[in-house]
Amino acid sequence: QITTVSGNEFLFQSDIDFLILDWFHAIKNAIDRLPKEQRITSRNLEFKLRRSSSIELLNNLDTESKEPKPEHRKSLIFRLNYSASDTNDRNRIKSRLKKFISRRPSLKTLQEKGLIKDQIFGSYLHSVCEHEKSTVPQFVRLCIEAVEKRGLDVDGIYRVSGNLATIQKLRFVVNQEEKLNLDDSQWEDIHVVTGALKMFFRELPEPLFPYSLFEQFVEAIKIQDNATRIKCIRSLVKKLPRPNYDTMKILFGHLQKIAAKESVNLMSTQSLGIVFGPTLLRPEKETGNMAVHMLYQNQIVELMLSEYSKIFGSEED
């Protein structure tokens with residue numbers, strides 16, 4: 001974190017040591033190039049490195065008298081003279097920085113100590129479910145319940161975007177806290193809830209429709225005979241891992257309720273297919289057929305919504 005003379009604060013984070021050094025040198029060189037009258041009055045730039053998941057670079061100005069730091073303090077504090085010719089200080093700092101980074105505890109150690117919690121966003125679906133001892137992530141259930149409670153009649157539900165800053169705030173809360181109350185007033189905008197749910201699926205390292213089955217789903221949707229097409233899609237859905245199948249069944253059942261209110265919320269199965277197609281299934285490697293793939297992605301979701309009971313129902317249905 002860097003605090004400027006004007007009071008602006010900037011946070012730079014990375015786990016890559018050479019990238020941190022590049023940032024450091026770029027900032028220092030920029031300061032060195034400033035006219036003398038514009039430079040900070042203090043002659044020393046202080047960098048404090050803390051043991052955490054990120055490295056903070058703090059510029060502490062000497063404009064106020066502060067208590068002296070105790071000698072035995074374990075924090076690593078480097079004082080850099082502004083002189084560009086002082087390469088010895090630079091080399092010494094580089095050496096100490098590398099040594100500090102090499103001594104940082106591993107991610108596993110931090111997780112075992114509870115300093116870093118398992119993330120919900122950006123984790124594999126099966127990992128989230130294993131952690132929660134369920135087959136459907138709790139966050140998905142909570143979002144669906146909230147939307148069905150106060151969002152089925154909302155115009156453009158899932159199509160209209162919520163405030164991105166609030167969605168990111170919700171994302172942070174979900175990743176940091178175990179209990180979540182979506183009835184809290186700060187989440188009163190239902191588009192924030194739907195935006196966060198879409199973000200959850202979008203950030204899955206592997207989408208809800210696994211990469212290994214993507215091409216098979218595409219080939220299935222190309223089948224001309226409708227009955228055969230539905231039968232093929234149903235067969236592929238049955239091959240899904242349990243967390244993927246259960247989560248998909250609950251999500252599509254929910255979206256079917258949204259489509260049932262099309263006369264009020266103006267969200268048809270086609271509209272929902274456009275919104276969720278690229279979010280729920282995508283190829284592992286993008287090719288030049290992106291536009292064609294997007295068309296098939298939308299059609300797959302639309303078909304599964306229109307034929308929900310045949311695809312997710314029992315064999316007798």
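**Figure 1. Helix 7 and the elements that cover its buried residues.** In this predicted model, the buried residues of helix 7 are covered by elements that include helix 4, helix 5, helix 6, helix 10 and helix 12 (269-280). Helix 7 is mostly covered, since 12 of its 13 residues count as buried; among them are Ile190, His191, Val192, Val193 and Thr194, and also Lys198, Met199, Phe200 and Phe201. The end C-alpha atoms of helix 7 are 18 Å apart, which agrees with the 18 Å that its 13 residues should span at 1.5 Å a residue. At the N-terminal end, helix 7 is capped by aspartate 189, which has a side-chain oxygen 3.0 Å from the backbone nitrogen of histidine 191.

**Figure 2. Glutamine 168 of helix 6 and valine 192.** Glutamine 168 is found in helix 6, while valine 192 is one of the buried residues of helix 7. These two residues, glutamine 168 and valine 192, are 24 residues apart in sequence, and their C-alpha atoms are 9.2 Å apart in space. Glutamine 168 counts as partly exposed because its relative accessible area is 36%, a value that lies between the limits of 20% for buried and 50% for exposed.

Figure 3. Which residues does methionine 304 touch, not counting residues up to four places away in sequence? Methionine 304 touches Phe209, Ile233, Val237, Met248, Phe252, Ile311 and Phe312.

Figure 4. Helix 9 (residues 226-238) has 13 residues and reaches 18 Å from its first C-alpha to its last, which is close to the 18 Å expected at 1.5 Å a residue. The residues Arg229, Ile230, Ile233, Arg234, Leu236 and Val237 of helix 9 are buried. They cover an arc of only 165 degrees around the axis, and therefore they are on the same side of helix 9. Ala227 and Lys231, by contrast, are exposed on the other side of helix 9. The cover over the buried residues of helix 9 includes helix 8 (211-221), helix 10, helix 13 (290-306) and helix 14 (308-312).

**Figure 5. Isoleucine 300 in helix 13.** Isoleucine 300 has its place in helix 13, and it counts as buried because its relative accessible area is 0%. Leaving aside neighbours within four places in sequence, isoleucine 300 is in contact with Phe209, Phe217, Val218, Ile221 and Leu281. Isoleucine 300 and glycine 277 are 23 residues apart in sequence, yet their C-alpha atoms are 7.3 Å apart in space.

**Figure 6. Histidine 254 and tyrosine 158.** Histidine 254 is found in helix 10 (residues 242-260), whereas tyrosine 158 is found in the loop between helix 5 and helix 6 (164-176). The side chains of histidine 254 and tyrosine 158 are joined by a polar contact of 2.7 Å. Is histidine 254 buried or exposed? With a relative accessible area of 1%, histidine 254 is buried, and tyrosine 158, at 0% relative accessibility, counts as buried too. Apart from neighbours within four places in sequence, histidine 254 is in contact with Ile144, Val147, Glu148 and Tyr158.

Figure 7. Most residues other than glycine have a negative phi. Lysine 133, although not a glycine, has a positive phi of about 55 degrees, and the phi of tyrosine 158, also a residue other than glycine, is near 80 degrees. Lysine 133 is found in the loop between helix 4 (125-132) and helix 5 (138-150), while tyrosine 158 is in the loop between helix 5 and helix 6. Lysine 133 counts as exposed because its relative accessible area is 76%, whereas tyrosine 158 is buried at 0%.

Definitions and conventions: Residues numbered from 1 in each chain as written. Predicted model: local features only at pLDDT ≥ 70, side-chain atom pairs only at ≥ 80, totals over all residues. Heavy atoms only, no water. Helix = DSSP H or I, 4+ residues; strand = E, 2+ residues; numbered from the N terminus. Buried < 20%, exposed > 50% of the residue type's maximum accessible area, 1.4 Å probe, protein only. Polar contact = N/O pair within 3.5 Å; in protein donor to acceptor, adjacent residues only side chain to side chain. Contact = heavy atoms within 4.5 Å. Expected span 1.5 Å × (residues − 1). Arc of directions from axis to C-beta.
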